[in-house]
Amino acid sequence: MSQPWIGPVPVDLFLNEFMDSGASLTLPQSALEVKFPSQGGSESALYESFSEFVQKAEICPGVHFHTTAHTGPTDRDDQEHRDENSLGEHDGEVIPQKQPFDWQYDGLIVEFKSTEAEDPFCSLEDAKECDSFQKTDRRSRRTLCKLANYTWDSFSYQHRVHLFMLFIAGNVARFIRWDRAGAIVSASFDYVEDSKPLMRFLGSFAKLDDAQRGWNTTVSRPLPNEVEEFRAAINSWIERHGGVEVVRRRFPGAESTLDEEYSTYKITVKPEIGKSQTLIVRRPFSQSGNLVGRATRTYFAYSTTPRIVVFYKEGWRVEADVDHSETTAYRKLKEGNVQHIPTILCAGDVIVDESPLRTLSDIWARETDEECYVPCPAPPGLVLQRIVQSVVYPVQWLLSSLQFVTVLCDCTIAVDQAEKIGLLHRDISIGNVMAKFDDDGQTFVGGILIDWDNFGYTDSDHEGQTTRRHGTWQFMSIEILKNPTIQHSIVHDMESIYWVLRYGSYRFFENSGGMQWEIFSEKDWNEYSGSYVGGKGKNVSLLDDDNGEGITTPALRTIIDRFGFEWCQYYHDPIVIYLKSHHPSTRPVLPKELDELRLPELLAPEDTISYIMTRLEPIRMERSKPQFWIDLFKQFIALNDKSVDFWPPDAVDDKYPQHTENAARIKRREEVISSTTNKSDGCLYGYYIRMPAMTTTTIQTSDNTVPSSTKKRAHDDRDEPHDTSSSSKKPRRCGGDEGDAGQ
């Protein structure tokens, strides 16, 4: 986690700032008399003692601690047996006794370690001496990763602004408050010698309202009839947009929307632009694997007005970048009459009590009191933003590469029109070029360019404009991969479209192989610049004799090769271009119409190096203009009018599903959840059930060994597609997918 751990905050300061419900708190005599026994032994024994201690103290009226750890084998029967003592109520409904661990009710995480040596944080004196609040040994880093992972689980299943955690190591305890900007950590205290701070924390927690406990109060639980209406609407939509007919392709992952393991929520969206919406959602269609940062989540949602299925997106934007928010982008695009962008139903920041819903960790980091806790670099303040738009379709939905190329052509038109009003997209990727179909998903309409949340301005002097690298790593231009501080321009968006063309063609359309997938994820740490760099593999691949080798569809193979040659001219010396254009070709014999489009006219066999040199700079200038690429796209698309053999139906199932990163991340998270809820003798969870009259907290144990998938989690300050790696030294990571962008 490269965002700061802010601390050690004095215990009284933490309690005064975060645990003051406004109601008076009087500790009962039982709480003052109970003394927690000295701890030792296994972690599985600690939660039993803790639960017994809290119950005896009678400090949490309305909060019930339930152990959910089993002590036997890890088969399904025992997994249910571990909950045999659980009993609670929610909205008047009795919770079954044999209820599996349910992340949706998690309200307070309680994490135990058996010895004080396993506390991953330093004292104030030690932290000042070594200039670091967190310890750097391997065991401490693993513990920090576990804390982040367990918090991610709660944020993933819930709609939260922040979350409290109680961390206990041996005889010492700490309080932690998490949000999307980082974690505020209290100083440690010996709760065996003095249990009053712990009693005050638990007693105060019981009196906090939902907002103070961290819940997003614009989200509520729907009525039963609303849940049924949501389920029927989603099922109907899936049936209409992905039936059993061979000619139709199912919307990938749509069925997961109705996953019964997730709760159903009702979200009230009151936007800056568009009309208010009331949405019903369940499981996210996709979500970031990062705990802190933008933490974007997307949903198939049911809008109760006007009773349609829509696409809902929420994420945390940088507060200071209001002129760079996605809401601002769509407002400007609409005012500029830019085509091929999504239909925005509503968009804007989440406002509660006339103020944006924002993080607090950044404020504490900026206002560090060096007498109280260790100075740390302040992360940017984040504000929750929501976008509701009409549903568009990923390229997996397409039936032919002709449709894919048409989508890219339309997205190029959007980039061109946006540039004319002074905007740059800056994050063109396989996930952001989408297809538009009619209401029943049967008739292809064209392409849509989505996700303008990374947009910038063509004016480099525009307020707030930065030279920080933006985009999805796999599709960034060679120039930006080599130099993370270069000013983003229209030419970089044009090159990203080429890499999307090449990547998508080999993933979703007929081919016999030939793609070197490693060129998309290649990265190296550059000590001089203090950032990751890449692009070497892409640059070398442009010199290949046939950039479309292995592609079955003649026109698709040719357009990949032609576009690759154009970018070869942009990046390479005249002698290289001459040799490439005159090298004996291993390509199959092409029809005349395709052969004429394979190479530009100026590179006839008699062209000389000196002639190429005189023409190279004008060529490069021309290639920086979107209209050149639009015209070239249209020439290839027009071949379909001459013969359908140029563009036959050629869609196939995803040939490289391991590259489907969102699905892979969620699968890894499910593996973590499964492993941390089915085994005893490890970390402990606390969760409570929100209800009118009673709150329930459950303590959960997990395996003491961090699963391999846990070690691979990335909890840093950014989402994978966005590079902020401009620090002066290589960041230490809790784990992560090294192929992800922007790390």
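Biologist: Let me start with two phenylalanines: are Phe-14 and Phe-18 buried or exposed?

Modeller: Both Phe-14 and Phe-18 are buried. Keep in mind that this is a predicted model.

Biologist: How many residues apart are Phe-14 and Phe-18 in helix H1?

Modeller: They sit 4 residues apart in H1, which covers residues 11-18, so about one helical turn separates them.

Biologist: How should I read a pair of aromatic rings?

Modeller: The general idea is that a ring pair is described by the distance of the centres and the angle of the planes. Here is how that works in this structure, which holds 35 aromatic pairs. For Phe-14 and Phe-18, the ring centres are 5.0 Å apart and the planes stand at 70 degrees, so this pair is edge-to-face.

Biologist: Which aromatic pair is tilted?

Modeller: Tyr-299 and Tyr-312 form a tilted pair, with 5.7 Å from centre to centre and 35 degrees between the planes. This pair links distant parts of the chain: Tyr-299 belongs to strand S15 (residues 297-303) and Tyr-312 to strand S16 (residues 308-318), 13 residues apart.

Biologist: Why do these two tyrosines count as buried?

Modeller: The cut-off for buried is under 20% relative accessible area. Tyr-299 counts as buried because its relative accessibility is 1%, and Tyr-312 counts as buried because its value is 0%.

Biologist: Which rings are linked into a cluster with Phe-14 and Phe-18?

Modeller: Ring pairs join Phe-14 and Phe-18 with Phe-164, Phe-175, Phe-189, Phe-201 and Trp-364.

Biologist: Now to helices. How do I describe two that pack together?

Modeller: In general, two packed helices are described by the angle between their axes and the distance between the axes. Take H1 and helix H7 (residues 196-207): their axes come within 11 Å and cross at roughly 10 degrees. H1 and H7 are therefore roughly parallel to each other. H1 passes H7 in a left-handed crossing.

Biologist: Which residues of H1 and H7 meet?

Modeller: On the H1 side they are Val-11, Asp-12, Phe-14, Leu-15 and Asn-16, and on the H7 side Pro-197, Arg-200 and Phe-201. The residues of this contact divide into 5 nonpolar, 1 polar and 2 charged. Phe-14 and Phe-201 also belong to the ring cluster.

Biologist: At what angle do helices H12 and H21 cross?

Modeller: The axes of H12 (residues 401-420) and H21 (residues 626-637) cross at roughly 160 degrees and come within 9 Å. That angle makes H12 roughly antiparallel to H21. H12 passes H21 in a left-handed crossing. Among the contact residues are Leu-402, Val-405 and Leu-408 of H12, and Trp-629, Ile-630 and Phe-633 of H21. The residues of the contact of H12 with H21 divide into 10 nonpolar, 3 polar and 2 charged.

Biologist: Where do I find cis peptide bonds?

Modeller: Pro-8 lies in strand S1 (residues 5-9). Another joins Thr-305 and Pro-306, with omega about 20 degrees. Pro-306 has its place in the loop between S15 and S16, the strands that hold Tyr-299 and Tyr-312.

Biologist: How far apart are Thr-115 and Gly-170 in sequence and in space?

Modeller: They are 55 residues apart in sequence and 4.0 Å apart in space, C-alpha to C-alpha. Thr-115 lies in the loop between strand S5 (108-113) and helix H5 (124-130), and it is partly exposed, with a relative accessible area of 34%.

Biologist: What share of the protein chain is buried?

Modeller: Buried residues make up 60% of the 743 residues. The chain has 24 helices and 28 strands.

Key: Residues are numbered from 1 along each chain as its sequence is written. This is a predicted model: local features need pLDDT of at least 70, side-chain atom pairs count only at pLDDT 80 or more; totals for chains, interfaces and linings use all residues. Side-chain values use heavy atoms; hydrogens and water are left out. Axes are lines fitted to C-alpha atoms, for helices over the stretch in contact, and angles run from 0 to 180 degrees between N-to-C directions. Helices (H or I, at least four residues) and strands (E, at least two) are DSSP runs, numbered from the N terminus. Angles under 35 degrees count as roughly parallel, over 145 as roughly antiparallel, 65 to 115 as roughly perpendicular and the rest as oblique. A crossing is left-handed if the near helix is turned anticlockwise from the far one by less than a right angle, and right-handed if clockwise. Contact means heavy atoms within 4.5 Å. Ala, Val, Leu, Ile, Met, Phe, Trp, Tyr, Cys and Pro count as nonpolar, Asp, Glu, Lys and Arg as charged, and the others, Gly among them, as polar. Rings of Phe, Tyr and Trp (its six-membered ring) pair if their centres lie within 6.5 Å; planes under 30 degrees apart count as stacked, over 60 as edge-to-face and the rest as tilted. Buried means under 20% relative accessible area, exposed over 50%, partly exposed in between (1.4 Å probe, protein chains only).
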